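Please look over the sequence and the 3D structure below. Then use the briefing to find your way around.

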Amino acid sequence: MKSKFFLLLAGFALLVATAGCIFSPDDDPGDDPPPPPPALPFPGSPDVLMANFQTIYETMDYDEYRKIMHPDFLTILQEETIIDFPDVGTTLDVNEELRIHERMFSGDSLEDPDGNLVPGVNNISFSNFRALDAWTVSPGDDIIPNAEWAPFEVDFLFDRGEGFSTLKVEGTIKFYVASRDSMHEGTVQKYYQMRGQVDLTNGGGS
């Protein structure tokens, strides 16, 4: 089974765009809601932003995910993903990413247009998430120009519950970030958001 990170997300994009049924059969209205996740540190540097990114994935916190996304965010897909999902195109913009993550972080299962079950994600864990080089500014002719970027070695696991395969993502992702001035604790500070990412991960799964 192909389980490349953005192949997974592109698949969610297709399902979100076309699915007519979204359900979570295990939900019980009488269950107590989970406690809210802890407040995240102010993203005053790229490193803090990336630490927040990891926390957001591990807690599957869609509201915080929205906050870290730059309006011009762009995901650059691999050629293999583009071939496998031609309707998605070559990139995902911020609205597509928000739609994908809203459904993915909900944990809900889906039915695809053919009525097949697409299991929801129960848990996301990180075995490895580290920068391979220092942050640097991308040139004007870069695919995402004039943004700070660094390559990250990643190893994520997407647990879809008992009876379903765990999706593993490993390899390299180039993350791009951008900052703007923001008032924080009485002073103007840099406020960083995710500006884009380029998928260089490997295939594979478990």
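This is a predicted model: local features need pLDDT of at least 70, side-chain atom pairs count only at pLDDT 80 or more; totals for chains, interfaces and linings use all residues.

Residues are numbered from 1 along each chain as its sequence is written, and side-chain values use heavy atoms, with hydrogens and water left out.

**Overall picture**

- The protein has 5 helices and 10 strands. Helices (H or I, at least four residues) and strands (E, at least two) are DSSP runs, numbered from the N terminus.
- Of its 206 residues, 43% count as buried. Buried means under 20% relative accessible area, exposed means over 50%, and partly exposed lies in between (1.4 Å probe, protein chains only).
- The protein exposes about 10,500 Å², and carbon and sulfur atoms supply 48% of that area. Accessible areas come from the Shrake-Rupley method with a 1.4 Å probe; for residues, only the protein chains shown count as cover.
- Take the contacts between residues at least 6 apart in sequence: 63% of them join residues at least 24 apart. Contact means heavy atoms within 4.5 Å.

**Aromatic rings**

- A pair of aromatic rings is described by the distance of the centres and the angle of the planes.
- Rings of Phe, Tyr and Trp (its six-membered ring) pair if their centres lie within 6.5 Å; planes under 30 degrees apart count as stacked, over 60 as edge-to-face and the rest as tilted.
- The count by this rule is 16 aromatic pairs. One of them is Phe53 with Tyr57, a tilted pair with 4.8 Å from centre to centre and 40° between the planes.
- Phe53 and Tyr57 are 4 residues apart in helix H2 (residues 46-59), so about one helical turn separates them.
- Phe53 is buried, at a relative accessible area of 3%. Tyr57 is buried too, at 1%.
- Tyr57 also pairs with Phe105: the ring centres are 5.3 Å apart and the planes stand at 85°, so this pair is edge-to-face.
- Tyr57 is in helix H2 and Phe105 is in helix H5 (residues 94-106), so their pair ties together parts that are 48 residues apart in sequence.
- One aromatic cluster includes Phe53, Tyr57, Phe105, Trp135 and Phe175.
- The charged end of Lys174 sits over the ring of Trp149, 4.6 Å from the ring centre. For this, NZ of Lys or CZ of Arg must be within 6 Å of the ring centre and within 35 degrees of the ring normal.

**Nonpolar core**

- A nonpolar core is a set of buried Ala, Val, Leu, Ile, Met, Phe, Trp, Tyr and Cys residues joined through side-chain atoms within 4.5 Å.
- The largest such core has 32 residues, and those with the most contacts inside it include Met50, Tyr57, Phe105 and Phe175. Among the elements that give two or more residues to this core are H2, H5, strand S9 (167-184) and strand S10 (187-202).
- Which residues does Phe175 contact, leaving aside its neighbours within four places in sequence? They include Met50, Phe53, Phe129, Trp135, Trp149 and Met194.

**Strand pairing**

- Two strands pair if DSSP finds at least two bridges between them.
- S9 and S10 pair in the antiparallel sense over 15 bridges. Phe175 has Gln197 in S10 as its bridge partner.
- S8 and S9 are antiparallel as well, with 11 bridges. Here Leu157 stands opposite Lys168 in S9.
- S2 and S10 run parallel and are joined by 4 bridges. Thr75 stands opposite Gln197 in S10.
- S2 and strand S3 (residues 91-93) run antiparallel, with 3 bridges. Ile76 stands opposite Thr91 in S3.

- Ser182 is in strand S9. Is Ser182 buried or exposed? Ser182 is buried, with a relative accessible area of 15%.
- Glu185 is in the loop between S9 and S10. Glu185 has a positive phi of about 55° although it is not a glycine. At 72% relative accessibility, Glu185 is exposed.
- Asn146 is in the loop between strand S7 (136-137) and S8. Its phi is positive, near 55°, and Asn146 is exposed at 59%.
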